[in-house]
Each structure stands twice: as structure tokens, then as C-alpha cells.
Amino acid sequence: MGTRKGSPPFLWLPCLGLLLGSSCRGGENGGDPAGTAEGPQGGTWDVLVLNIAWPGEAAYSREDLAKEMEALASFIGANSSGRVSIAYDVTSPLTLPNPRSYYEAEKSDKNAPSTLMLDAMEAAAAAGFDYTKYGSHILIPSLGPGNNGAHGGKVWLSGLGGISLWSHEFGHSLGSSHSNGLAPDGAVVEYGNPFDNLGKGPGSTGHFNVRLKERFGWLSDSELTTVASSGTYRIQAHDLPIAGYPAGLKIRRDDASNYYVEFRQTTFSADDPGNPFVLDGALLLRGFNDWQYLNPTFSPQQSLLLDMTPETPLNWRDAALGIGRTYEDGAGGIQIRVVGKGGTVPETLDVEVVLSSTPAAIDRPAVVRFLVPQATTDSFSGSATFVVEAHDPDLGMADGSGIATVVLEIYNVKKEVPVRTSPPLAAPPYSWTVNPPLGRGGYVVLARATSAPEAGGQFNSLGTFFLVPGP
Ligand SMILES: [Zn+2]
């Protein structure tokens, strides 16, 4: 184990969802995020909706698509506490060079419909829509049931489907994988969080959890309290407008992860009106730090809901820690007890945290991050250059600290084998130019950094998706 210096870096790293074959809601594929941005994410986001007109079928009306976008804008506005406002354009109906069946054939698992994206973007350009102005915020509702996913921030949707679906896929485009459950035996339950639209959330009230809001840059330091000492803390329901109380607690578990404590008051659906467990309790989540993402079990894009009542058959519906109950993590030296509601407007919850010991340090794997291309620069013509920064956080934060080699590989998403591989790069700058150019299509580039043996030799890697619009 290396000597740990400094604090963990605050990096936003794309996951390997594509290569690892993450599956998504309603038969999605993909799930690799675009986000590598740091810090709060606010302002006006311009979203382009590409309206595909399949031969012999009516295109969606502009009104139908605008209705979906208005709901998405409202959801994102509320989730971001007004930090993000969404503006959108809907293209005129676009005719693509191939029939629907051609693109459907591309949608199988681990296989982005990259030709659909490229053809639709080029058709939009021909119709006068400059898609480059929209960065990664491009939505393509087109292929029909079971066809949802996101790569490189571009989202394809089965079609009109309501806020549960649209917010779920848009959440992927922001750099998150699913809101899962963490079972008592340590197993990750995909979509396990029934309150959050990146799990099986109920729709317009299915706010993303506080770990995701933190990840998206939607909670300031005063809105998410980092618990550094034992005490009783008051939090408000984070699915109501923030009104002077913190929206959650963040409690360091160990070098790899934190607990998050949140409180909800609106996250119900027609199937589950007035869930009393959530109304009168705290939800506990575990969130993993970004460098942890190649852990075979956990990726940092996951936020894992804990079930406080694993003995009951209600599964995740009664996951909350009720008033008067205590959760104890002996190894972590952490006790969390729900004291009671505050009786305020908005409603609040008082939570007592007792910290009794500090878990031992662990050997952290290398950190690797793309500098070029940046998150929103995901298409190339001609040769492509990739530049990666890597370091071992146990040895230092400078590029190259404790790193033996960096290798970059480009995968054609159809074939799942590298189509190009860099020589091992022994020192920064970890830069690699691909020439001759790649053919038209979608690719994943994977950067694999290995720590020096004296730093533990652990490796870490990350992938990012990009499109080549060439011939
Ligand atoms: Zn999904």
C-alpha cells in the first residue's frame, strides 16, 4: 500500500457501462455518461429533439414532443433547485437514409445505434439545425418499445413515454448509471431504488437522490451537510423546494465511500400513494468515490439504497429507517438514528449521527481521466488525438505519480474487440494520435492506467464514447 497524501480528487469520470454491458430500463442499452465536468452544473441547457419520420409512418407532432420536454424541464428545474433551466428545439420531421429496421438491428446489447445518431444528426444539419450547438443534449425519440439508452450524452428513446422514461434516460446522459439497491448480502439490485427515476421512480415526483444531485452539481455545501463530528442534524425533504435547511447528510464511511441520508415527502405514485415508511423516515444510501469505478461490484455512478428492514417482505418500499430506529455500521464506526420530524414547513427530519472510529485506509487504484477529448467533444473527422491524465492517489495528485503505464484501446462497439491499441505510454503526457482515421461509426476508447508495483500495482480504467462522422 502506498502512503496516502492529500484528499481524494474530485473527478467526474465516465464509466464503462458500455463495455461492461449495463442494461437499462425497458430494454435500454448503453449507459456510458458524457460527463467529465467538475463543480456545479447550472445555467440554461439547450436540448435538441430530433424528430424522425419513418417511411410510411406519421412523425410525432411538435406538440407531443414539446409536452415531453416541458415535463422534463420542470423535473430538472425542481431537481436542480432552479439551477438548470432547459431550453429546447424540436426539428422538423427528418427522413433518414435507412428504414427503421436497419437501425433497430444496431440496438442490441453493447451495441449503440451509432448509425442512427450519425444519420439523424446529419439529417438535422441538412434541415438547418446546427446540432453542435447542443453539446451532448441531443434526444432521439424514435425506435419504438424497448429501445432506450444513452451514449456520449446522446439519448435515444422508444418514443413518447412520460417523465419516468425521459428523466431516466436524460439522467444517463448527465453521467449516471442506475439508482440501485444494496442488499444485506452485498449484492447490487439493479433499479432497486423505487423512489428515484434512475431506479424505478414514480415519475414527476421521482427526484434523483441526493448523491446524484451532488454528482450533478445541484447541491451547494450548505445544502448537503458533510458530517465531521457526532451530533444531531436537521435535514429537509429534498423533493420539496429547498428553504433554508440542508437537503441531506454526507457521512464518510471509508476511503472508498460515503453514506448519504435523505428525506422525501412527495415520491409516490398511483401504485403507492402515501408510503408511510418514507413519509416518516430517512433513506440511507451508499455512494462510492469516482476513482472506485472499476471495482468489480460497484461503480461510482451507482448510488445504492440500503434496506433498513430487510426482514420484511415489502422489499425496497419500506427501505426507510423509521423514527426511533438506529442503523449501526460497526466496522465503519457509524451510528445513524432518526430522532423525529421537525414539524416545520417544509417538513424536516432530525437525525443523530454518532462517529466512534475511523476505518483503516485502503489501497486506492490509479485515477485516470480524459483531457482530450473533453466530454462534449465526442466526434472527430480525420485523425483523433486522445490525452489522458493519470496518477495514483495514494502517492500524489500530480499527473504520472505512481503510474507505470497507460494504454489506450479503441473498440468498435459492434465487435467488442479493440480495433486500435496504443503502445504502452510510460510517462506523461499520455497522448496518442490515431492515424489513419477511423471509419464512420461509434466507438469506445478505453484508457487503462496501471500503478507502479511499489504503489500496489492496481489498475483502473475508463471508457468514453465518441462518434466518427466520416465516410
Ligand atoms: Zn437506464
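Reader: How many helices and strands does the chain have?
Author: Please keep in mind that this is a predicted model. In the chain there are seven helices and 25 strands.

Reader: What percentage of the residues in the chain is buried?
Author: A residue is called buried if 20 or more other C-beta atoms lie within 10 Å of its own. The chain has 471 residues, and the buried share of them is 50%.

Reader: Among contacts between residues at least 6 apart in sequence, what percentage joins residues at least 24 apart?
Author: Two residues are in contact if their C-beta atoms lie within 7 Å. Of the contacts in the chain between residues at least 6 apart in sequence, the share joining residues at least 24 apart is 64%.

Reader: Let's turn to a helix. Why is helix H5 described as largely enclosed by the rest of the structure?
Author: Helix H5 covers residues 163–173. Among its buried residues are Trp-166, His-168, Glu-169 and Phe-170. H5 is largely enclosed because its buried residues number eleven of the eleven.

Reader: Which residue just after H5 takes a positive phi?
Author: The phi in question is about 110°. The residue that takes this positive phi, just after H5, is Gly-175.

Reader: How is H2 placed against H5: parallel or oblique?
Author: Helix H2 spans residues 62–79, and its axis comes within 10 Å of the axis of H5. The two axes cross at roughly 60°. Angles under 35 degrees count as roughly parallel and those from 65 to 115 as roughly perpendicular, so H2 is oblique to H5.

Reader: Is the crossing of H2 and H5 left-handed or right-handed?
Author: Where H2 passes H5, the crossing is right-handed.

Reader: Now the sheets, please. In what order do the strands of the open sheet with S19 come?
Author: This open sheet has three strands, and their pairing is antiparallel. The edge strands, each pairing on one side only, are S19 (367–372) and S23 (430–434). Neighbouring strands are turned by 25° against each other on average, direction ignored. The order is S19-S20-S23.

Reader: Which residue in S20 stands opposite Val-372?
Author: S19 and S20 (residues 384–391) run antiparallel and are joined by five bridges. Opposite Val-372 stands Val-387.

Reader: Which residue in S23 is the bridge partner of Phe-386?
Author: S20 also pairs with S23 in the antiparallel sense, over five bridges. The bridge partner of Phe-386 in S23 is Trp-432.

Reader: Why does Ala-390 count as buried?
Author: Ala-390 lies in strand S20. Six of the eight residues of that strand are buried, so S20 is largely enclosed by the rest of the structure. Residues that Ala-390 touches include Val-368, Ile-403, Tyr-430 and Ala-449. Ala-390 counts as buried because its C-beta neighbours inside 10 Å number 26.

Reader: In what order do the strands of the open sheet with S22 come?
Author: Four strands form this open sheet, with antiparallel pairing. S22 (418–421) and S25 (459–468) are the edge strands, each pairing on one side only. From one strand to the next, the twist averages 25°. The order is S22-S21-S24-S25.

Reader: Which residue in S25 is the bridge partner of Gly-441?
Author: Strand S24 (residues 441–451) pairs with S25 in the antiparallel sense over ten bridges. In S25, Gly-441 has as its bridge partner Val-468.

Reader: Which helix lies across S24 and S25?
Author: The helix covers residues 114–126 and runs at about 120° to S24. Lying across S24 and S25 is helix H4.

Definitions and conventions:
Residues are numbered from 1 along each chain as its sequence is written. This is a predicted model: local features need pLDDT of at least 70, side-chain atom pairs count only at pLDDT 80 or more; totals for chains, interfaces and linings use all residues. Two strands pair if DSSP finds at least two bridges between them. Helices (H or I, at least four residues) and strands (E, at least two) are DSSP runs, numbered from the N terminus. Axes are lines fitted to C-alpha atoms, for helices over the stretch in contact, and angles run from 0 to 180 degrees between N-to-C directions. A residue is buried if 20 or more other C-beta atoms lie within 10 Å of its own, exposed if 12 or fewer, and partly exposed in between; C-beta atoms are placed from the backbone. Angles under 35 degrees count as roughly parallel, over 145 as roughly antiparallel, 65 to 115 as roughly perpendicular and the rest as oblique. A crossing is left-handed if the near helix is turned anticlockwise from the far one by less than a right angle, and right-handed if clockwise. Lists of a residue's contacts leave out its neighbours within four places in sequence.
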